[in-house]
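Subject: Structure handover and notes

Dear colleague,

Please find below the structure I said I would pass on. My notes come after it.

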Amino acid sequence: MNLFLKCVNGQSIERPPIWFMRQAGRYLAEYRNTRRKAGSFLNLCYNSDLATEVTLQPIEKFGFDAAILFADILLILDALGAKVDFVEGQGPLIEPIRERRDINKISNVGKMHEKLAPVYETVKKLKRQLPTNVPLIGFAGAPWTLATYLINGKGEQGSLTAKKFLIENNEEFEEIISLLTKATIEYLLMQIKSGADVIKIFDSWAGALNADMAIRYSLEPIKKIVSEIKKEYSDIPFIVFPRSVNTIYRKFSDTDCFDVLAIDQFLDRQWVVNEIQPKKIIQGNLDPIFLTQRKDILIQELKKVTEDFKNYPYIFNLGHGITPDAKVENVELVVEFIKKLRL
Ligand code: CP3
């Protein structure tokens, strides 16, 4: 068994496995070249040869211990019938849902596989090309995060538009969550059938929800997705990332439903050591800003993170995706540092 899966399965490991969120991204010249060839970000996601190529780039260049499928959490909305566009310098834009009849626009669960076929093809190609000791992580956005983009039409700090919709149009909101939950189960099952070894669920905007809302609309739909899939594939490990949920992380660590809890860079690590690590394998949480900094500053921070988390097995990663201004030599340094570490 490879290091990553050993860690997730609770077996003893010599050092933490390492991979980075957005490890295939704009900080890499190789990525920028392939992205140019593709013409647009969506073309890159839907071109299985090019998506395979960019997924492999950071594996070959840095020797990460896991690969993550190159795609985007918003593709499923595109496949369901919402109009999704990635505008240069602005991020994703989506035709928003504002009333009940708009929901019909995204009800096409039956047809979504047709549109997502290139993603499944990418998974199959990667399985053939990845070294056998590097598992492939498939992924999806959690229903709440997908709903925020769908309702607001773009990312929004605090997700106020989606939160108001949740309160003012609760019946429609619940309908959207349940539709997205169902579609996500089908999407992830197809990724697993195509060869994904591990699944990660991103709830990037979970931190905008109040505590009781976070349980009901972040944790509950995620539990439903994981438990439905585990009925068919009990061995597939799940990583869950409810970003910025603060002390609600404790509630996420209380469930046996999934295997690894990914944590952001804002949590107090001592609190994590006391409250979370005894109950769950964690993944995280270097602040990506340190990858833009001087070597000595980066090393100082690396020492802190690895010293704090060393008493339990964990997966080394960032607290959020790597940024375009990260230095390539810093990524090299972190991988070397972690590979020399002994638990
Ligand atoms: O992690 C990986 O390397 C796998 C691929 C991946 C991407 N996006 C590629 C991407 C994954 C897993 C995602 C997840 C994703 N997408 C999330 C959840 C994680 C998070 O960041 O919180 C979210 C919220 C999105 C939606 C999204 N996609 C936004 C907001 C943006 C624009 C912001 C930006 O960085 O430009 C994207 C675009 C995107 N997705 C890029 C990449 C590499 C940059 C696109 C480019 O090449 O211009």
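This is a predicted model: local features need pLDDT of at least 70, side-chain atom pairs count only at pLDDT 80 or more; totals for chains, interfaces and linings use all residues.

Residues are numbered from 1 along each chain as its sequence is written, and side-chain values use heavy atoms, with hydrogens and water left out.

Ligand site

The ligand sits in the largest pocket. A pocket here is an open set of points on a 1 Å grid over the protein atoms alone, where a 1.4 Å probe fits, with protein on both sides within 12 Å along at least five of seven lines. A molecule sits in a pocket if more than half of its atoms lie within 2 Å of the pocket's grid points. The elements that give two or more residues to the shell are α2 (29-38) and β3 (91-94); helices (H or I, at least four residues) and strands (E, at least two) are DSSP runs, numbered from the N terminus.

In total, 22 residues surround the ligand, where near means that a heavy atom of the residue lies within 4 Å of the molecule. The closest are Arg26, Tyr31, Arg35, Asp72 and Ser204. By class, the shell has 14 nonpolar, 4 polar and 4 charged residues. In this scheme Ala, Val, Leu, Ile, Met, Phe, Trp, Tyr, Cys and Pro count as nonpolar, Asp, Glu, Lys and Arg as charged, and the others, Gly among them, as polar.

The protein covers 87% of the 870 Å² of accessible area that the ligand has on its own, with areas from the Shrake-Rupley method and a 1.4 Å probe.

Buried and partly exposed residues

Which side chain does Arg15 contact? Arg15 lies in the loop between α1 (3-8) and α2, and a polar contact of 2.8 Å joins its side chain to that of Asp65. A polar contact is a pair of N or O atoms within 3.5 Å; within protein, one must be able to donate a hydrogen and the other to accept it, and residues adjacent in sequence count only if both atoms are side-chain atoms. Arg15 counts as buried because its relative accessibility is 10%; buried means under 20% relative accessible area, exposed over 50%, and partly exposed in between (1.4 Å probe, protein chains only).

Tyr120 is found in helix α6 and is buried, at 4%. Its C-alpha atom is separated by 9.9 Å from that of Tyr46, 74 residues apart along the chain. Pro237, in the loop between α10 (211-232) and β6, is also buried, with 4% relative accessibility. The C-alpha atoms of Pro237 and Phe258 are separated by 7.0 Å, at 21 residues apart along the chain.

Val109 lies in the loop between β3 and α6 (112-129) and counts as buried at 9%. Val109 and Phe70 are 39 residues apart in sequence and 22 Å apart in space, C-alpha to C-alpha.

Is Lys251 buried or partly exposed? Lys251, in helix α11 (residues 249-253), is partly exposed because its relative accessible area is 46%. Lys251 and Ile215 are 36 residues apart in sequence, with 8.0 Å between their C-alpha atoms.

Backbone points to check by eye

The peptide bond from Gly284 to Asn285 is cis, with omega near -20 degrees. Asn285 is in strand β8 (residues 281-286).

Ser159 has a positive phi, near 45 degrees, and is not a glycine. Ser159 lies in the loop between α7 (143-152) and α8 (160-168) and is buried, at 1% relative accessibility. Asn246, also a residue other than glycine, has a positive phi near 60 degrees; its place is the loop between β6 (238-242) and α11.

Regards

Notes
On a 1 Å grid over the protein atoms alone, a cavity is a set of points where a 1.4 Å probe fits but cannot get out, and a pocket is an open set with protein on both sides within 12 Å along at least five of seven lines; lining residues have an atom within 4 Å of a point.
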